[in-house]
Amino acid sequence: MTIIELTELQFKNYSNIHSRKNYKQSIEYATLEETKNYKKLYLGLIDENENVHAATMILEKKINNKYKYGYVPNGYLIDFNNTELLKTFTNELKTYLKKLNYVYIRITPLINYQVYTSNFILKENNTSIINTFKALGYNYLNNTSKHKMILYTNNIENTFKNFKRSLRRNIDDCLKKGITIYQGSEKDIEDFLNLTDNKPYYKNMINIFNNPSNKFEFYFAKLEPATYINNYRYLLKKEEINNERLNQKLKNPNIKKSNNLLSKKMTSDKLITKYSNEIINGTNIYKLYPQGGILSTVGIINNQREIIFITDGYNKNFEHIRSIPIIKWEIIKKYISKGCTKFDLGDISISKTYTTKSGYNGNIVEYSNTFDLIINDMMYKLNNFVKKK
């Protein structure tokens, strides 16, 4: 088998059917990164019948006038469990790239290094993968692993039940406020960009990821103040009736004053206070923004295999209303109903006891660390020495 340069169409066809299909190993992502002065290179490992057995997109940059290096985002499109295939691909890749004056390529493979529950209990351990790469001559870079929250599901009702209580409560509160979710279109692009950082990057992403196999989509949460106020007026009236019923029971000398009855009355009192405050909040919003407005936005990529949550942002005027979770929930519901079972909720920050996005109760996936495949050992050492100075 040998390495050849693939055409854009050849790589697109292969990447779209591969089991490791991902949005970063795509012609769209390569085009996006060209705006950062990367050059794209598509390579494939073929047999004597020209069947492709592995492929990769490399983002290339120059080190100097002669030498260059490459970055392989999300790793090769290859069966990493097939050690012989990985060995052949690695050796052929080194031979091919040496002719192009590469010093090294850096890969960040999407391999489940370790998998945890949302409470950080270890479920799966694949740490031996590091030894596999080392044995094939890759340089292992410490402390570069990445954690993501990945949700696997195929049932809407069970998914919501499995969310942690705080997230379910947040979504329910948004529904009570009458917040609606809708998908943005071309006429809404500026509204989306105004709520996000790095506007030029996401504008390019919208323009480039515009086909069914890799589609960028964005969604909004919108608040209607009149609906907000009316919903809470209804809830307040309903609770006042309940509160009076409980009050009459407490006054009735023939009814035993149980702890349960007292607890229900206290809960009802708190709800009345909460609903009254919400009406005040809604009225204040109505005075300032009678037509309501967009609260927040979420951008995703749908690559027909999974939904990847890319970015989100919110309107500073409504920052006290946490509406991003309900957008994500509506997106998850939409695509579960379309048969999608994997949702990449994005990178997470980890400390000793705290994990962001843990409310979704997905798996915390730690992807394998970064590896360098050294093509020119002398220049690799020299390049690292210069960087440290």
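Two strands are taken to pair if DSSP finds at least two bridges between them. In this predicted model, strand 13, which spans residues 293-302, and strand 14, which spans residues 307-314, run antiparallel and are joined by seven bridges. Among the residues involved, Ser296 has Tyr314 of strand 14 as its bridge partner. Four residues lie between the strands in the hairpin that strand 13 and strand 14 form, and in this hairpin Gln304 adopts a positive phi near 70 degrees.

Strand 14 also pairs with strand 15, made up of residues 342-347; here the two strands run parallel, and the number of bridges joining them is two. Within this arrangement Ile308 stands opposite Asp344, a residue of strand 15.

The volume of the largest pocket is about 660 Å³, and its lining comprises 33 residues, of which Tyr23, Lys24, Lys146, Lys148 and Asp347 lie nearest the centre. When the residues that line the largest pocket are grouped by class, 14 are nonpolar, nine are polar and ten are charged.

Definitions and conventions. Residues numbered from 1 in each chain as written. Predicted model: local features only at pLDDT ≥ 70, side-chain atom pairs only at ≥ 80, totals over all residues. Heavy atoms only, no water. 1 Å grid on protein atoms, 1.4 Å probe; cavity = no way out; pocket = protein on both sides within 12 Å on 5 of 7 lines; lining within 4 Å. Points joined across faces, edges and corners; volume = space filled by probe spheres on them. Nonpolar A, V, L, I, M, F, W, Y, C, P; charged D, E, K, R; others polar.
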